[in-house]
Amino acid sequence: MELQKAVVVTDSSQLQDTQIPQVSYASTAPELSDNTRYDFFSRVVPPDTYQAQAMVDIVKAMRWNYVSTVASEGNYGESGVDAFIQKSREDGGLCISQSVKIPREPRTGEFDKIIRRLSENPNARVVIIFANEDDIRRLLQAAKKANQTGHFIWVGSDSWGSKISPILNQEEMAEGAVTILPKRQSIKGFDRYFISRTLENNRRNIWFAEFWENNFQCKLSRHAVKKGSGIKKCTNHERIGKDSSYEQEGKVQFVIDAVYAMAHALHNMHKDLCPGKVGLCNKMDTINGTLLLKYIRNVNFTGIAGTPVVFNVNGDAPGRYEIYQYQITNNTTEYKIIGHWTDQLHLDTNEMQWPGGNPEVPSSICSQPCRPGQRKKTVKGIPCCWHCENCDGYQYQADTYTCKMCRFDLRPNENHTGCDPIPIVKLEWSSPWAVIPVLIAVLGIMATLFVVVTFVRYNDTPIVKASGRELSYVLLTGIFLCYATTFLMISSPDVFICSLRRIFLGLGMSISYAALLTKTNRIYRIFEQGKMSVSAPRFISPASQLVITFSLISVQLLGVCIWFGVDPSQAIIDYQDQRTANPKMARGVLKCDISDLSLICLLGYSMLLMVTCTVYAIKTRGVPETFNEAKPIGFTMYTTCIVWLAFIPIFFGTSQSAEKMYIQTTTLTISVSLSASVSLGMLYMPKVYVVLFHPEQNVPKRKRSLKAVVTAATMSNKFNPKGGLRPNGEAKSELCESLETQDCVEGGEPCEGL
């Protein structure tokens, strides 16, 4: 149909061979722009590629991205839809839900089937139509039958334009339709001319008589009028526009422009080939089609409607369109101009109305926009359709399609659109986890200082002497450091505090257990030696005991020094300790770089001393009750072992807890303080009680030489294992006193430290 509007012949190869330039007033098929096939074809109307671009721009301006297309089978409809799809792909952001073709000879129910297909995806409400008038009318009828009034938003091509016939008696279905037409203007001079035409003054037009009969519903021949047919005989007094409705055909402007384009080309050609001559000269006697085409393509004049008439290299006119919307206002219908398109869209959205009086632009999108903090997961093959997935956990929305993990020291903000710093926490002095250990430590330090003051005040009394003054002060120093460690563990970590923790956390316990181990070892060696000989074992003097104790302590200090050399102390922020599943609860923990393994190694040596001391306490459990605190030391070590056996599962069992920092710090400090309290309570409080409240018991006993006492004790064990030679085991008591006080007379001179 389109090609027949443009050329006289129907075979394009014949057109090319005859080289006859053609100027069309109505053909808009895109393929006519192909110079390799239609090189002698020109047109004063824009091709459908411009129309398709204009329709794409309208769709995008309305923020529609999911549409369907309907095309009448044939060159016009299929080419128009193809051009629309091609332009939408080039511009991007627009997807086709359904692409339906109306057959040339549709079967019964064909349009109902098309409406069902268009309704399969209710999100695609916009329908692009490149169809003839009859197909548009029947499509609207089928939509009305399916009760889809107000659902579809139609965007029609110039075949719909501003015509009344496709929407007659189904105006509600067409309400809100946006249509497009090449920009045109009604030619008033043509109206005056055409309505003045009669059968008398227009005999040269052989088709005018047929038009007259159809327009006035009459017959010119009396013999053609049948009785009862209701058709009258034409009187020749009928007048166009008076006795019949008249509306100027929209393409009149383009017909006139096409004629003038050919006339201007011939005129310019005549001026160049036949200058100063009237009529055709020899050079134009046989017109060269190629040369005439050149003149046609070079014309540039103002058309009948005031718009310029020009052609591009393909023979196409520039795209100039007016955009209409079919509106119903107070039961009054009209095609209202809402914009125009000339290379770019100019649309007045304030003039637009939508079905049902809805002020909002109808939606025609495949998927709703994702909320902040969600990424789009595109449906395969349909870029306009997607699923929204939350950026969960520690992810944030990096862009429209991507979620990324926040940096290790950051967490997502409230809506997961960015990352915020993770709050830093540490054990505060006001925390309940710190108050209890501090209270225990303060009471322990006060008790320790009280014992030290008491021992210093009564330093020369028998009970203080019997306890081994030198090792007692060393042991009390270790107990004091155990309590003081609590304050280091709760203080805000920095390089200095972390260094002190490494030094003193294990040092206090090492001092305590080194002193106790030295005492129990001394007792064990004395009695083992007593079984074989009455001579005293070596290294039992106070000076020897101090050397042994400090040697054991130096091992701990050496290990700490090596640790400092290999891994210098520093404060770190641990973001893994409290990296909970819920980012809102995530915290960075300010702490020293002491891992659980490092802590065990730090306390491991103290544990070794404690276990060894416990072994010696078990071995010396059979010595006389008052001998050098053997049994109190034993009870102290048993209790301490129980405390640390309870500590281990609590400490490591909470390694995955969100409260790990608080539980482990509190558990560790309390365990250390309890160990110190056990030693302080069992070893020193009974002595302080006697010194302060029973001074009558704090008196020296009768002394004998060490040799005599050991001999008596040995003989007592041989002849009477259950008692001494004297009543109530007097020989054992003397041995105990002699060794405990370490004050005897040998060779007539007092001696100490045996």
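A residue counts as buried when its relative accessible area is under 20%, as exposed when over 50%, and as partly exposed in between, with a 1.4 Å probe and protein chains only. By that rule Asn169 is exposed, with a relative accessible area of 64%. The structure is a predicted model, in which local features need pLDDT of at least 70 and side-chain atom pairs count only at pLDDT 80 or more, while totals for chains, interfaces and linings use all residues. Residues are numbered from 1 along each chain as its sequence is written, and side-chain values use heavy atoms, with hydrogens and water left out.

**Backbone angles**

- Most residues other than glycine have a negative phi.
- Asn169 is not a glycine, yet its phi is positive, at about 70°.
- Asn169 sits in the loop between strand E6 (153-156) and helix H7 (171-174); helices (H or I, at least four residues) and strands (E, at least two) are DSSP runs, numbered from the N terminus.
- Asp343, also a residue other than glycine, has a positive phi near 70°.
- The loop between strand E13 (332-341) and strand E14 (345-347) holds Asp343, which is exposed at a relative accessible area of 63%.

**Disulfides**

- A disulfide is a pair of cysteine sulfur atoms within 2.5 Å, and by this rule the count comes to 8 disulfides.
- Cys95 and Cys384 are joined by a disulfide with an S to S distance of 2.1 Å. The torsion about their S-S bond is about 85°, so the disulfide is right-handed. Because Cys95 lies in strand E4 (residues 95-102) and Cys384 in strand E16 (residues 382-390), the pair ties together parts that are 289 residues apart in sequence. Both Cys95 and Cys384 are buried.
- Cys218 and Cys234 form a disulfide with sulfur atoms 1.9 Å apart, and the link is right-handed, with 90° about the S-S bond. Cys218 is buried at 2% relative accessibility, and Cys234 is buried with a relative accessible area of 7%.
- Cys366 is joined to Cys385 by a disulfide (S to S 1.8 Å). The torsion about the S-S bond of this pair is about 110°, so the disulfide is right-handed. Cys366 is buried at a relative accessible area of 13%, and Cys385 at 3%.
- The sulfur of Cys613 is too far for a bond, because the closest cysteine sulfur, in Cys641, is 8.9 Å away. Cys613 counts as buried, at 0% relative accessibility.

**Second largest pocket**

- On a 1 Å grid over the protein atoms alone, a pocket is an open set of points where a 1.4 Å probe fits, with protein on both sides within 12 Å along at least five of seven lines; lining residues have an atom within 4 Å of a point.
- The second largest pocket holds about 600 Å³ of space.
- Its lining has 25 residues, of which Arg184, Glu247, Gln248, Glu249 and Gly250 lie nearest the centre.
- Strand E7 (178-182) and helix H10 (252-273) are the elements that give two or more residues to this lining, and H10 gives the most, with 3 residues.

**Annotated regions**

- An unreviewed UniProt entry lists transmembrane regions that include residues 471-490 and 672-694; such annotations may be inferred rather than shown by experiment.
- Residues 471-490 are 100% helix and 0% strand, with end C-alpha atoms 30 Å apart.
- Residues 672-694 are 91% helix and 0% strand, and their end C-alpha atoms lie 32 Å apart.

Key
Points joined across faces, edges and corners; volume = space filled by probe spheres on them.
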